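Let's take a friendly walk through a protein model. Have the sequence and the 3D view ready.

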Amino acid sequence: MADENSPQQFDFDAYFRNILLKAYDRDLRILKLENPIPEIYEKDLKSFSQKFFSENPFQITNEDLEEFYIEGKLFKRIRMDRRPSTYLSLFRITELYRAELEKIRGDIADLAKVFKEDKPSIDKDLVLKETLSAGRVYQKLSVLAQNFHIALIRNVNLSLKEIKMAMGADGFLNLRKVNGDAYITSILNPHYNGMLNNSLFLIAISKKIHQHKLAIEENLQK
């Protein structure tokens, strides 16, 4: 866990929050990051993502999706023009993952408590099946999100370092610079495509396990 009392931590937190406040102005095309993200945040996805992006996670709506067929089966995916293409949006999709995974973990914990209850109204086989299924998804996608977060932080700091070497102390990384999909894929794969390909699946599983938990709780109250 990040050390909230560290002077370096406090200075960066205030500095980075100020940058993100400017990000609410959507007409502002240059969002300057002039100082590197502290190493303490590199492996601390939850602390970094929740602290700075919980109020503005990446959102996916039906309008952001396109349909396609594979062997006659209909699938959906994020449209190319809606894929995260800036460092800012990449941080925000990490927060989407963190938030949904937190929901899944909470519902798994609640279902585990229900499983221990000795009540005939509980279909324990179904509860166990749903809980184990959600648990496998949680474990797999937690690792994916963590690896993506580490790769993203490292690339941000490396890119900023290279810019300063070329431009001097006044150099900065524009968090709103639009990067091509091929470039992002080249620097963040396999994690980047994994995050995008599993995002709709993650949201669907989060919704399914939550609805299942609510249905069981409602049944217990009858």
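## A nonpolar patch

F115, L128 and L132 make a nonpolar surface patch of about 240 Å². Patches are built from residues with over 30% relative accessible area and no salt bridge, with nonpolar side chains (Val, Leu, Ile, Met, Phe, Trp, Tyr) joined within 5 Å and like charges within 9 Å. A salt bridge is a side-chain nitrogen of Lys or Arg within 4 Å of a carboxyl oxygen of Asp or Glu. Accessible areas come from the Shrake-Rupley method with a 1.4 Å probe, and for residues only the protein chains shown count as cover.

F115 sits in helix α3, residues 87-116. With a relative accessible area of 30%, F115 is partly exposed (buried is under 20%, exposed over 50%, partly exposed in between).

## About the model

This is a predicted model: local features need pLDDT of at least 70, side-chain atom pairs count only at pLDDT 80 or more, and totals for chains, interfaces and linings use all residues. Residues are numbered from 1 along each chain as its sequence is written, and side-chain values use heavy atoms, leaving out hydrogens and water.

## The whole chain

The protein chain has six helices and four strands (DSSP runs numbered from the N terminus: helices are H or I with at least four residues, strands E with at least two). Starting at the N terminus, the order of elements is α-β-α-β-β-α-α-β-α-α.

Along its principal axes, the C-alpha trace spans about 70 × 50 × 30 Å. Of the chain's 222 residues, 42% count as buried.

How values were computed:
Buried means under 20% relative accessible area, exposed over 50%, partly exposed in between (1.4 Å probe, protein chains only).
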